[in-house]
Amino acid sequence: MKHNDFLCGVIEGYYGRPWSFNQRKTLFEYCLRFGLNTYVYAPKDDAKHRSRWRDLYSSEESSELSQLIHIAKRYGIKFIYALSPGLDIIYSSEKDLTSLKRKFDQLSTFGCEYWAILFDDIESEMSQQDKDHFASFGHAQVAITNEIYDYLDKPNVLLFCPTQYCSRMAKPSLERSSYLQIIGNGLHPDIDIFWTGSKVISRRITISDILSVNSVLQRRVTIWDNLNANDYDQRRLYLGPFCGRSSNLSSRLSGMLINPNCEFELNFIPLNTLGQWYQSLRINENQDQIDDDDDDNSIQIREIYQSNKALDQALIDWLPEFNKVKTAHDSQQILKIDNSPQAMSPKPTVSSLILDEDSQDSICESQTSTTSSSKLHIMECDGNGNSTDLTLDDIRLLVELFYLPYEHGPNVQQMFIDFYWLRFNYSQNENLNEWRCRSSSFHNNAKNISRLVQRLTTIHNRSLLYDIYNYVTDISSTISLCSRYLHWIDNDNKRSTIFLSGDVEPSSKRGGLAGEFLNILPMGDFQSIIKPELNSSSNIFLIQPMTSNDQGLMYALCTQVCYRDEIDDLLDQHSEILADKLIGGYLLSSLNNFDLCFSVNNVEDELCGFVLTISESEKYDKLIQPTWITQLHQKYPNVDQNFFEVNECHQWIYDRYPVRIQLFIDLTIKTDNAFFIGNKLMKIIIDNLIKRGCNGCHALLDERNPLLHQYYLRLGFVDVPNIEQNDHIILLGKQF
């Protein structure tokens with residue numbers, strides 16, 4: 001690091017439509033207002049930054065960049081121009097090296113003095129020409145970067161982004177990555193290096209993380225922070241505060257630059273709170289200098305950055321922005337966007353669907369902070385429900401709806417927990433006072449969200465409205481659907497069949513083709529914030545196709561979870577009789593859809609659940625079952641023959657719910673785990689049945705097993721009246 005300043009500000013480094021001239025000018029005003037000192041120009045979809053990096057800017061583009069550089073200087077902001085040549089550069093080519101120099105020369109004529117070379121999100125395979133010239137990929141990048149550093153006369157700032165730019169990407173590990181070792185050893189010591197933390201999107205960046213990477217790269221890194229970035233998923237938005245980065249990091253870093261949301265107007269909170277974080281850092285630095293000069297041993301008073309307090313202040317600061325008069329023309333785009341095929345570069349593979357160690361910590365923390373009360377604080381916007389003016393509570397609600405990658409806002413998170421509880425705890429046979437109280441709270445909050453949308457449509461800042469509108473109407477319609485479901489479930493008549501018909505509109509299921517693919521992956525339940533102890537190995541289960549070797553364990557589990565207490569004497573004589581009755585015929589039947597039969601094992605390889613599926617239940621009951629019952633009579637000749645009753649459903653049951661499901665779970669495991677296992681199994685089976693043209697399934701249970709009955713109800717089955725059934729049998733159905 002050659003410069004002495006701590007770089008703190010913004011990197012426009014996302015995929016998507018670059019910000020406009022006016023937006024960048026406003027950004028510089030924000031930086032000046034919030035005390036930030038750095039801006040990095042690196043929009044991935046500016047063609048001349050990345051895919052056509054060899055091309056010089058046109059006169060119109062040059063005029064804009066020149067103006068931006070001079071405005072930044074006037075505001076005291078370092079304008080860092082970044083170039084990303086890694087998609088197709090030939091490192092050993094003198095022609096490409098000349099193109100690099102020529103591009104930087106052009107920016108120099110605009111007044112640019114600070115630089116960056118980025119090699120992120122590219123393939124590590126070199127051309128044959130480069131393989132003949134360089135020992136490795138890392139050596140090639142080091143050589144060309146050092147050459148540019150010397151050509152630019154050793155500038156005060158030259159930033160380098162490695163291809164392995166987080167710990168998770170380092171192969172085989174951070175400490176053993178030969179690529180990073182080559183970069184650390186080979187780059188000129190005054191060249192700064194970008195780093196995103198332990199992951200591409202790091203929930204926390206700790207001192208130990210930074211000390212480790214600094215040791216490998218032999219310098220203090222500059223953080224490229226993707227906490228608020230949303231370019232990897234167009235349905236996500238992150239308005240939450242800068243957090244998870246201690247001010248104590250500053251002495252181990254050379255900079256902190258955030259790569260925020262693509263929608264410019266929605267970055268006020270991240271920028272404002274980053275400025276507050278940086279301000280606390282500078283206050284402490286100044287205090288340290290005073291204390292060093294002070295002979296008396298006075299007690300140091302250190303400024304501690306607290307993200308919740310920073311958010312409170314940022315909300316107050318943001319409210320006036322909603323009523324600034326801005327039109328759509330204020331975000332008019334002039335720089336050309338690259339839509340060519342070669343611009344489809346390998347974006348980082350990021351999915352917040354994965355519950356890793358960081359997200360688990362976040363979920364557990366969030367649960368601790370919010371579940372102390374089962375009631376959700378109703379966020380009334382003001383006393384006058386007819387007012388069209390946005391309030392501070394309105395924008396707090398807005399931020400909490402779109403908070404951060406690993407957590408929801410605390411009130412909205414409680415709202416989610418309440419809906420989860422309401423979804424699975426409705427029973428007409430019990431006192432419904434608590435259920436209806438929590439339901440009323442949910443409905444009120446749904447109304448608040450709907451009112452928020454209405455009030456947003458009246459703001460004068462139309463540029464901000466256009467950036468937020470699709471996001472907020474999407475979540476509002478989702479919450480509204482949930483609210484309607486709660487009304488429906490508490491309606492005795494249930495005239496509407498929308499929630500059971502299987503004929504819902506596409507808008508009720510998110511994701512399209514991408515969602516269908518992701519649903520197949522064993523990635524866990526995204527943001528399952530009510531699931532406890534996620535970091536425990538006791539919560540890891542393996543779902544796998546059933547094999548013939550599982551039969552003995554399945555018999556034992558079936559006997560364990562069913563109504564054995566009432567037939568203990570019989571089981572003492574015939575240990576397998578109950579399982580023979582309940583699942584024996586299914587296991588031996590040729591009609592069993594064995595591709596839809598699964599076992600569930602824990603980390604100790606113990607069977608804790610299984611599911612059997614028969615798609616032609618009518619044929620089984622009428623053709624296969626009588627034969628199996630006859631065999632049981634022969635196997636157990638001294639047992640009351642009425643014990644093995646024949647089950648047969650009315651024809652309309654077979655027509656409406658043609659598939660039979662037999663699901664058994666060890667209900668001694670934690671309740672939430674049992675639900676998630678069953679929910680996952682049902683999702684796998686239903687997705688496959690839908691593809692086969694099926695639209696419903698049913699299960700037959702003995703009424704003497706109330707726990708299993710409640711379990712099926714929690715998984716979305718409903719009791720189906722069937723007067724021709726045996727007195728002990730309960731029929732449950734589920735349509736999809």
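1. A salt bridge is a side-chain nitrogen of Lys or Arg within 4 Å of a carboxyl oxygen of Asp or Glu. Asp150 and Lys154 meet in one, at 3.0 Å from N to O. Relative accessible area is read as follows: buried is under 20%, exposed is over 50%, and partly exposed lies in between (1.4 Å probe, protein chains only). Asp150 is partly exposed, at 44%. Lys154 is partly exposed too, at 36%.

2. A word on the basis. This is a predicted model, in which local features need pLDDT of at least 70 and side-chain atom pairs count only at pLDDT 80 or more, while totals for chains, interfaces and linings use all residues. Residues are numbered from 1 along each chain as its sequence is written, and side-chain values use heavy atoms, with hydrogens and water left out.

3. The whole structure holds 28 salt bridges. Side chains of opposite charge can pair when their charged atoms come close. Arg24 pairs with Glu12, with the closest N and O atoms 2.8 Å apart. Helices (H or I, at least four residues) and strands (E, at least two) are DSSP runs, numbered from the N terminus. Arg24 lies in helix α1 (residues 21-34) and Glu12 in strand β1 (residues 7-12), so the bridge ties together parts 12 residues apart in sequence. Both Arg24 and Glu12 are buried.

4. Another bridge joins Arg33 and Glu321, at 3.1 Å from N to O. This pair links distant parts of the chain, 288 residues apart: Arg33 is in helix α1, and Glu321 is in the loop between α9 (307-318) and α10 (357-370). Glu321 is buried, at 3%.

5. Next, the aromatic rings. A pair of aromatic rings is described by the distance of the centres and the angle of the planes. Rings of Phe, Tyr and Trp (its six-membered ring) pair if their centres lie within 6.5 Å; planes under 30 degrees apart count as stacked, over 60 as edge-to-face and the rest as tilted. The count is 34 aromatic pairs. Phe419 and Tyr485 have ring centres 6.5 Å apart and planes at 70 degrees, so they are edge-to-face. Phe419 sits in helix α12 (residues 410-424) and Tyr485 in helix α14 (residues 462-489), so the pair ties together parts 66 residues apart in sequence. Phe419 is buried at 18%, and Tyr485 is buried at 12%. Elsewhere, ring pairs link a cluster that includes Tyr14, Trp19, Phe264 and Trp318.

6. Now the sheet. Two strands pair if DSSP finds at least two bridges between them. An open sheet of 7 strands runs in the order β9-β10-β11-β12-β13-β15-β14, with mixed pairing. Its edge strands are β9 (541-545) and β14 (718-719), each pairing on one side only. β9 and β10 (residues 598-602) run antiparallel, joined by 5 bridges. Gln544 stands opposite Ser599 in β10.

7. His698 is buried, at 0% relative accessibility. Its side chain makes a polar contact of 3.0 Å with that of Arg660. Such a contact is a pair of N or O atoms within 3.5 Å; within protein, one must be able to donate a hydrogen and the other to accept it, and residues adjacent in sequence count only if both atoms are side-chain atoms.
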